Amino acid sequence: DPKAKQAMLGRLARIEGQVRAIQRMIDSDQECEQIAQQLSAARKALDRAFYEMVACMIRAGAEEPEATRGESGEQVAALLARYA
């Protein structure tokens, strides 16, 4: 889905900006607590991107023929077991 692809790329660009800002914070000797807060925010943003990707897999699996939906479900379950 081109719209979903653009949304994901935009989300990742924002995360990239967050990480660059954290690098600048470290370089300018910001307080550790402030850096930790920004790291937490970036981690949560990556988690949201991950879950959106899993949702994309689920939606794609729902569009498959009924005979192969079980395989798609197993792939999503394996992905979640491995990375979540």
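User: Why is Cys56 called partly exposed?

Analyst: Cys56 has a relative accessibility of 34%. Buried means under 20% relative accessible area, exposed means over 50%, and partly exposed lies in between (1.4 Å probe, protein chains only). Cys56 therefore counts as partly exposed. This is a predicted model, in which local features need pLDDT of at least 70 and side-chain atom pairs count only at pLDDT 80 or more, while totals for chains, interfaces and linings use all residues. Residues are numbered from 1 along each chain as its sequence is written, and side-chain values use heavy atoms, with hydrogens and water left out.

User: What makes Cys32 buried or exposed?

Analyst: Its relative accessible area is 65%, and the cut-off for exposed is over 50%, so Cys32 is exposed.

User: What makes the contact of Glu16 and Arg20 a salt bridge?

Analyst: The term requires a side-chain nitrogen of Lys or Arg within 4 Å of a carboxyl oxygen of Asp or Glu. For Glu16 and Arg20 the N to O distance is 2.8 Å, so the pair meets the definition. Both residues lie in helix H1, four residues apart, about one turn of the helix. Helices are DSSP runs of H or I with at least four residues, numbered from the N terminus. An α-helix has 3.6 residues a turn, so residues three or four places apart point the same way. Glu16, at 42% relative accessibility, is partly exposed, and so is Arg20, at 46%.

User: How do you know what span to expect for helix H2?

Analyst: The expected span is 1.5 Å times one less than the number of residues. H2 covers residues 32-62, which is 31 residues, and reaches 45 Å from its first C-alpha to its last, close to the 45 Å expected. Its buried residues include Ile35, Ala42 and Gly61.

User: Where is Gln30, and which residues does Gln30 touch?

Analyst: Gln30 sits in the loop between helix H1 (2-27) and H2. Not counting residues up to four places away in sequence, Gln30 touches Met25 and Ile35; contact means heavy atoms within 4.5 Å. At 35% relative accessibility, Gln30 is partly exposed.

Notes: Helix = DSSP H or I, 4+ residues; strand = E, 2+ residues; numbered from the N terminus.
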